[in-house]
Amino acid sequence: MTFQRIVIALLVLIVAALGAVGYFEWKMAVQVRTMKAFVEGYVFNEAVMACEQAKSSTPFKWNGGKSTSIIGLNSVKLDKYNVSASYTLVADGVYCDYDPIKRKAEIGSSFLERE
């Protein structure tokens, strides 16, 4: 009888621990989404201005574009210590990658091929 009580108590503890882990994971995911939305909103105006002013053979026109979309904030881990961020916008089929750290826009470039 004692063995059964111990097994049931362990099972209840395992279920409670899994529930707590799921709850904390959900709370962290909500906080990460909120922080990402804040950063994207903060970077958006700078990205549009930099992309429209970037020199390229194909002009980037966000404010006059017929088809515009935001790909969003992306990051690539280049090595163990360096993470490169990019905010990507698309206007009328023209891609623009904006680097919020360097505050530089590149039109028609692939983010993964940047330096």
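UniProt, in an unreviewed entry, places the feature "transmembrane region" at residues 6-26. UniProt positions follow the numbering used here, feature names are shortened, and annotations may be inferred rather than shown by experiment. The model is predicted, so local features need pLDDT of at least 70 and side-chain atom pairs count only at pLDDT 80 or more, while totals for chains, interfaces and linings use all residues. Residues are numbered from 1 along each chain as its sequence is written, and side-chain values use heavy atoms, with hydrogens and water left out.

Helices (H or I, at least four residues) and strands (E, at least two) are DSSP runs, numbered from the N terminus. Helix α1 covers residues 2-53, and leucine 10 lies in it. Leucine 10 is partly exposed, with a relative accessible area of 46%. Buried means under 20% relative accessible area, exposed means over 50%, and partly exposed is in between (1.4 Å probe, protein chains only).

Together with Ile6 and Leu13, Leu10 makes a nonpolar surface patch of about 300 Å². Patches are made of residues with over 30% relative accessible area and no salt bridge; like charges are joined within 9 Å, and nonpolar side chains (Val, Leu, Ile, Met, Phe, Trp, Tyr) within 5 Å. The areas come from the Shrake-Rupley method with a 1.4 Å probe, and for residues only the protein chains shown count as cover.

Glycine 19 also lies in helix α1. At 42% relative accessibility, glycine 19 counts as partly exposed.

The next stop is the loop between α1 and β1 (68-77), where lysine 55 has its place. Lysine 55 counts as exposed, at 85% relative accessibility. From lysine 55 to alanine 105 there are 50 residues in sequence and 9.1 Å in space, C-alpha to C-alpha.

Phenylalanine 60 lies in the loop between α1 and β1. Is phenylalanine 60 buried or exposed? Phenylalanine 60 counts as buried because its relative accessible area is 4%. Leaving aside residues up to four places away in sequence, phenylalanine 60 touches Cys51, Glu52, Leu89, Val90, Ala91, Val94, Cys96 and Ile107. Contact here means heavy atoms within 4.5 Å. Isoleucine 70 is 10 residues from phenylalanine 60 along the chain, and their C-alpha atoms are separated by 13 Å.

Aspartate 79 has its place in the loop between β1 and β2. At 38% relative accessibility, aspartate 79 counts as partly exposed. Aspartate 79 and glycine 65 are 14 residues apart in sequence, with 37 Å between their C-alpha atoms.

Strand β2 spans residues 83-91 and contains threonine 88. Threonine 88 is buried, with a relative accessible area of 6%. Which side chain makes a polar contact with the side chain of threonine 88? The partner is aspartate 97, at 2.9 Å. A polar contact is a pair of N or O atoms within 3.5 Å; within protein, one must be able to donate a hydrogen and the other to accept it, and residues adjacent in sequence count only if both atoms are side-chain atoms. Not counting residues up to four places away in sequence, threonine 88 touches Ile70, Ile71, Gly72, Asn74, Tyr95, Cys96 and Asp97.

Two residues are picked out by a backbone angle. Most residues other than glycine have a negative phi, and most peptide bonds are trans. Aspartate 92 has a positive phi of about 50° although it is not a glycine. This aspartate lies in the loop between β2 and β3, and aspartate 92 counts as partly exposed at 41% relative accessibility. Arginine 103 likewise has a positive phi, of about 55°, and is not a glycine.

Arginine 103 also takes part in a salt bridge with glutamate 46: their side chains meet at 3.2 Å, N to O. This pair links distant parts of the chain, 57 residues apart, with arginine 103 in the loop between β3 (94-99) and β4 (104-107) and glutamate 46 in helix α1. A salt bridge is a side-chain nitrogen of Lys or Arg within 4 Å of a carboxyl oxygen of Asp or Glu. Side chains of opposite charge can pair when their charged atoms come close. The structure holds 1 salt bridge. Arginine 103 counts as exposed, at 52% relative accessibility, whereas glutamate 46 is partly exposed, with a relative accessible area of 25%.
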